[in-house]
Amino acid sequence: MSPTTANRRYALETTGLGRRYGRRGWALRDCTLGIPAGRVTALVGPNGAGKTTLLHLAVGLLTPTTGQVRVGGRPLGGRAEDLARVAFVAQDKPLFRSFTVAETLRFGQVTNPRFDRELAEARLRAHRIPPDQKVGRLSGGQRTLLALTLALGKRAELLLLDEPLADLDPLARHEVLGALMSAVEEGGATVVLSSHHLTDLTETCDHLVLLARGRLQACGDFDELTAAHRILTGPAELADRLAGAPGDVVHLDRTARQTTALVRGTRHDHHPATVSREPALDELVLGYLRNPDATAIPRPGLVPAGEGEAR
Amino acid sequence: MNHDSTIRLVKRENVIRFQLDRRSGVSPYLQLVHQVRQAIRLGHLRPGDQLPTAREVVEQVAINPNTVHKAYRELERDGLVAARPGVGTFVQASLSARRPAEDPALRVQLADWVAAARRAGLDEDDVRAVFDTVVRHAFAGTSVDRSGGVA
């Protein structure tokens with residue numbers, strides 16, 4: 001890895017993490033990664049890729065079948081002080097439906113030692129969520145905002161958010177992202193958010209975890225990842241040349257006259273009549289999503305670099 | 001696009017407000033740099049004025065904190081602003097009244113290039129496409145691949 005990643009502090013680390021569900025098989029397999037502290041990580045992958053499983057394992061809502069999780073450098077345990085440092089907002093935003101909004105806040109305050117009631121109340125006022133309303137009578141978007149308010153009010157060091165923006169209108173989405181960025185800048189929090197909307201992620205996140213079919217496909221800083229890939233546009237024969245280095249090709253598209261390809265590394269910059277450029281982050285992610293078998297993760301001890309991993 | 005929301009409580013009145021054009025293709029950090037330079041050039045920001053804090057910017061524009069730090073570092077490197085640790089970032093210099101857009105020499109060079117492009121058979125759309133590509137690449141910090149230019 002590059003010098004910048006050499007002595008980095010991780011808020012969350014997994015080693016060989018895996019989870020199998022009976023006969024449905026592995027939801028997550030052999031996942032080794034680090035979420036850098038004080039940063040904003042985008043967790044991306046198609047439905048069923050293992051994103052939710054990874055988040056549930058990270059907070060101890062699921063027990064791993066293999067491997068382990070470390071939060072803040074310590075193995076995940078049930079200690080109250082560990083739990084106070086992590087906030088998790090699940091995709092279905094579980095809240096007590098018979099509580100009022102105010103009772104929900106009080107519950108958050110009683111169960112979380114560092115709860116910032118003032119911040120939480122200001123956020124709810126700003127979103128015009130009435131305190132005496134029953135949670136069960138809130139709209140889906142309002143419930144999401146309430147769940148995120150609890151998570152932010154907790155002043156956690158690590159915020160794990162599973163599809164937090166899915167049912168928010170554009171203004172609320174912008175405000176939530178702004179509040180999360182503020183928690184990172186002011187409180188030094190670490191944020192992991194999963195989303196299908198790449199546009200929400202490209203400007204707010206700076207680190208990527210890409211999952212496909214339960215396996216880690218790519219993991220790294222945005223800048224490092226894009227600098228380590230190229231988009232090539234060249235003649236049809238370019239595809240034949242690239243066939244000689246299958247391990248470098250993430251995705252390839254060929255017509256009768258033209259080849260476009262997303263490749264790893266800069267080795268292919270000088271093929272004849274070929275233009276090479278660095279991909280934007282969304283182009284890189286799309287390339288990997290189109291080829292779930294490709295991986296940017298070196299598998300030590302299996303094959304020499306650049307051989308045999310992708311087809 | 002204006003994302004200003006009514007739900008923010010503003011404590012200290014800022015002199016400028018950043019806006020992000022999400023479709024411009026210009027990286028967010030360069031947009032921030034340009035907006036500060038522009039505000040200084042137009043006199044909206046004067047020496048001694050404080051820039052919005054990083055926390056204010058990330059909350060208002062919803063961008064990664066590193067983007068703001070990178071922009072402010074670049075402005076500091078250029079001597080336009082100075083960071084006072086624990087206090088904030090302040091405008092230090094004013095940009096000279098010279099407006100590069102009105103620099104006659106640059107204009108003449110560009111006019112010569114446009115004339116050459118027309119002689120080479122490019123129409124207005126072709127010229128704009130080449131110009132936009134070159135500008136976008138120049139300001140994205142990446143170099144234009146010469147083989148990708150005009151045929």
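Which residues in α2(A) are buried? In this predicted model, the buried residues of α2(A) are Lys51(A), Thr52(A), Thr53(A), Leu54(A), Leu55(A), Leu57(A) and Ala58(A). Helix α2 of chain A spans residues 51–58, and seven of its eight residues are buried, so the helix is largely enclosed by the rest of the structure. Burial here requires 20 or more other C-beta atoms within 10 Å of the residue's own. Just after α2(A), Gly60(A) adopts a positive phi of about 85°.

**Nonpolar core**

The largest nonpolar core comprises 99 residues. Those touching the most other members are Ala151(A), Leu159(A), Leu160(A), Leu210(A) and Val36(B). Helix α6 of chain A, residues 140–153, gives the most to this core, with seven residues. When residues up to four places away in sequence are not counted, Ala151(A) touches Ala87(A), Val89(A), Ala156(A) and Leu159(A).

**Contact between chains A and B**

The contact draws 23 residues from chain A and 19 residues from chain B. On the side of chain A that touches chain B, at least two residues each come from α5 (117–126), α7 (170–187) and β14 (275–277). The largest share of that side is supplied by α7(A), with 11 residues. The table divides the residues of the side of chain A that touches chain B by class.

| Class, side of chain A touching chain B | Number of residues |
|---|---|
| Nonpolar | 10 residues |
| Polar | six residues |

Technical notes: Residues are numbered from 1 along each chain as its sequence is written. Chains are lettered from A and ligands numbered from 1 in the order in which they are written. This is a predicted model: local features need pLDDT of at least 70, side-chain atom pairs count only at pLDDT 80 or more; totals for chains, interfaces and linings use all residues. A nonpolar core is a set of buried Ala, Val, Leu, Ile, Met, Phe, Trp, Tyr and Cys residues joined through C-beta atoms within 7 Å. A residue is buried if 20 or more other C-beta atoms lie within 10 Å of its own, exposed if 12 or fewer, and partly exposed in between; C-beta atoms are placed from the backbone. Helices (H or I, at least four residues) and strands (E, at least two) are DSSP runs, numbered from the N terminus. Two residues are in contact if their C-beta atoms, placed from the backbone, lie within 7 Å. Ala, Val, Leu, Ile, Met, Phe, Trp, Tyr, Cys and Pro count as nonpolar, Asp, Glu, Lys and Arg as charged, and the others, Gly among them, as polar.
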